[in-house]
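Please look over the sequence and the model below. The report that follows covers the sheets and the helices around them.

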Amino acid sequence: MSEKEKSKAPAVDSSVLIMDLLASANYPMTLSEICEQTGIPSASGHRIINTLLEHQMVAHDPSRKKSYCIGAKIFQIASTIYNKQSIIPFFYPIAEILKNEIHKTIFLSVPVGNTIVVVSKLETSLNSAFNIFIGQTMPLYQSASGKAILSMRSTEFQQTYLASEKKVNPQIKQEWQTVQEELDRAKRLGYAVTHGEIEAGVSCISAPILNLRNEPVAAISASISGDYLDQQEARDNAKKLIQAARQLSSRIG
């Protein structure tokens, strides 16, 4: 947010800053440390912390005097959302077979609003340690999994998505023609490919997982070392990935 742009809900913004900080911290933090690192005034920080405590969004940590950590309510909310992903139990046995076939890190992502979120993964010891983690979030149009899912949506849905995304990211208007071409290609081939999505020197291939109504509800992906994949390597990996996606699709309602 620019200096000229004023928040319409400063207390909410400050609450999010505090919870983000506590979630990423390696140790419980005092109020003065929280305010120093977030730039929130002490008086405001005190009021917000007390409200977050009441709602169990943060908690006192007994390991350090007058310090705070993420509260139980955050874990309850996360657990509820996680347990709604009925596809996860089916993912592991299928991903294990796929991982052993192509020797790549395999991960599962689901759409949440205008984003894609990684909800599960299996790493192979033969692969480099890629920067993929549970809870990782990206815009749909930037990730292979998001593009695989968008490619199976109607033109009307894609246009509605574009209009919504432009509100938070105006530059997508200039990128959309390229994105649309990638979506058309993904729909035709049955998989999407991105380069540098996770980090430089890593490509991703992703195939959509469909429910009984032929709607995309998730995507299974593989991360592969290399800035770019040659077409043959992409096809070889995608063939097995699509097969795994179809197996997952057959197991969900």
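## The three-stranded sheet

In what order do the 3 strands of the open sheet stand, and is the pairing parallel or antiparallel? The order is β1-β3-β2, and the pairing is antiparallel. This is a predicted model.

β1 (29–30) and β2 (58–60) stand at the edges. Each has a single partner strand, so one side of each has no neighbour in the sheet. β1 is joined to β3 (residues 67–70) by 2 bridges, and the two strands run antiparallel.

Helix α3 (residues 42–54) lies across β2 and β3. α3 runs at about 95 degrees to β2.

Which residues of helix α2 (residues 31–38) are buried? They are Leu31, Ile34, Cys35 and Thr38. Why do they lie on the same side of α2? They cover an arc of only 95 degrees around the axis, and therefore share one side of the helix.

The face turned away from the buried side carries Ser32 and Glu36, which are exposed. Glycine 39 follows α2, with a positive phi near 80 degrees.

## The six-stranded sheet

A further open sheet has 6 strands in the order β6-β5-β4-β9-β8-β7. Its pairing is antiparallel. The edge strands are β6 (137–139) and β7 (192–195), and each pairs on one side only. On average, neighbouring strands of this sheet are turned by 30 degrees against each other, direction ignored.

Alanine 192 stands opposite serine 206 in β8.

## The helix on the six-stranded sheet

Helix α6 (residues 144–151) packs on this sheet. α6 touches β4 (105–112), β5 (115–122), β7, β8 and β9 (216–225). Its direction makes about 35 degrees with that of β8.

Definitions and conventions
Residues numbered from 1 in each chain as written. Predicted model: local features only at pLDDT ≥ 70, side-chain atom pairs only at ≥ 80, totals over all residues. Heavy atoms only, no water. Pairing = 2+ DSSP bridges. Helix = DSSP H or I, 4+ residues; strand = E, 2+ residues; numbered from the N terminus. Axes fitted to C-alpha atoms, helices over the stretch in contact; angles between N-to-C directions. Contact = heavy atoms within 4.5 Å. Buried < 20%, exposed > 50% of the residue type's maximum accessible area, 1.4 Å probe, protein only. Arc of directions from axis to C-beta.
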